[in-house]
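Student: I want to go through this model with you. For each label, tell me the cut-off behind it.

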Amino acid sequence: MPTPAHVPARPYTPPSPALRAIFAAQAAGVPLIRRDVPPDLITALQAHAQSLHTALQPVTELHVAAWLKKLGQLVTNPPGAAHAAAQCRAIFEVCADIPAGAWGPEARLAWTRQPPRDDYPVGARWPCPNELRTILLPFANALRRDAASSRTLLACLPTSLRDQTPTAHAAA
């Protein structure tokens with residue numbers, strides 16, 4: 001049975017605008033100097049990298065079941081108790097490669113806020129596994145992209161910047 005230890009304690013939070021700016025500068029090849037990356041930003045980068053590590057953990061069937069239970073309150077036709085476990089297993093089977101951090105409240109809202117297709121309110125109904133996968137993939141891709149940016153930036157920082165503390169930076 002999956003353990004709840006693999007489920008993120010809180011939903012993933014995208015990087016701050018300051019981190020996004022550093023990611024963009026690094027991706028554009030702009031050389032970073034000490035004043036570009038103050039200690040508080042390095043601390044935020046390291047904390048963000050740790051939250052990404054947690055968010056990228058494999059999703060468990062228990063996590064999917066909890067997520068679907070909350071979705072059931074937002075749709076008109078949630079499965080009854082007799083079918084809920086089978087529905088959860090089917091969705092887990094199709095979406096098991098979507099990391100745990102992508103299964104947050106924003107993804108649930110993205111499902112429910114879909115525009116109608118052919119006058120059919122898609123988001124008001126219980127999802128088919130592949131339709132749900134389509135909604136979850138952008139969240140998973142954003143996590144993976146942020147993780148790659150964080151790893152690249154941390155690896156590119158000189159050791160003196162990576163290991164600096166606020167006290168050491170203030171003295172420099």
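**Cores, rings and loops**

Tutor: The largest nonpolar core has 26 residues. Those with the most contacts inside it are Trp67, Leu68, Ile91, Trp103, Leu132 and Leu136. Some ground rules: this is a predicted model, where local features need pLDDT of at least 70 and side-chain atom pairs count only at pLDDT 80 or more, while totals for chains, interfaces and linings use all residues. Residues are numbered from 1 along each chain as its sequence is written, and side-chain values use heavy atoms, with hydrogens and water left out.

Student: What makes a set of residues a nonpolar core?

Tutor: Its members are buried Ala, Val, Leu, Ile, Met, Phe, Trp, Tyr and Cys residues, joined through side-chain atoms within 4.5 Å.

Student: Which elements give two or more residues to this core?

Tutor: Helix H2 (39-55), H3, H4, H5 and H6 do. H6 gives the most, with 6 residues.

Student: How do you know what counts as a helix or a strand?

Tutor: They are DSSP runs, numbered from the N terminus: helices are H or I with at least four residues, strands are E with at least two. The protein has 8 helices and 0 strands. Its elements therefore read α-α-α-α-α-α-α-α from the N terminus on.

Student: Why is Trp67 called buried?

Tutor: Buried means under 20% relative accessible area, exposed over 50%, and partly exposed in between (1.4 Å probe, protein chains only). Trp67 has 2% relative accessibility, so it counts as buried. Trp103, at 4%, is buried too. Of the 172 residues of the protein, 33% count as buried.

Student: What does Trp67 touch, beyond residues up to four places away in sequence?

Tutor: Trp103, Gly104, Ala107, Arg108, Leu132 and Leu136. A contact here means heavy atoms within 4.5 Å.

Student: How many aromatic pairs are there, and by what rule?

Tutor: Rings of Phe, Tyr and Trp (its six-membered ring) pair if their centres lie within 6.5 Å; planes under 30 degrees apart count as stacked, over 60 as edge-to-face, and the rest as tilted. That rule gives 1 aromatic pair.

Student: Why is the pair of Trp67 and Trp103 called edge-to-face?

Tutor: The ring centres are 5.2 Å apart and the planes stand at 90°, so the pair is edge-to-face. The pair links distant parts of the chain. Trp67 sits in helix H3 (residues 61-72), and Trp103 in the loop between helix H4 (81-95) and H5, 36 residues apart.

Student: How do you know that the buried residues of H5 line one face?

Tutor: Ala107, Arg108 and Trp111 are buried in H5. Seen down the helix axis, the buried residues of H5 fall within an arc of 100°, so they line one face. The arc is taken from the directions from the helix axis to the C-beta atoms. H3 and H6 are included in what covers these residues.

Student: Where is Gln114, and is it buried or exposed?

Tutor: Gln114 lies in the loop between helix H5 (105-112) and helix H6 (129-156). Its relative accessible area is 15%, so Gln114 is buried. Leaving aside neighbours within four places in sequence, Gln114 is in contact with Val122, Gly123 and Ile135.

Student: What makes the link between Gln114 and Arg117 a polar contact?

Tutor: A polar contact is a pair of N or O atoms within 3.5 Å; within protein, one must be able to donate a hydrogen and the other to accept it, and residues adjacent in sequence count only if both atoms are side-chain atoms. The side chains of Gln114 and Arg117 are joined by such a contact of 3.1 Å. A polar atom of the Gln114 side chain also lies 3.0 Å from the backbone oxygen of Trp111.

Student: Why is Asp118 called exposed?

Tutor: Asp118 has 80% relative accessibility, so it counts as exposed. Asp119, at 78%, is exposed as well.
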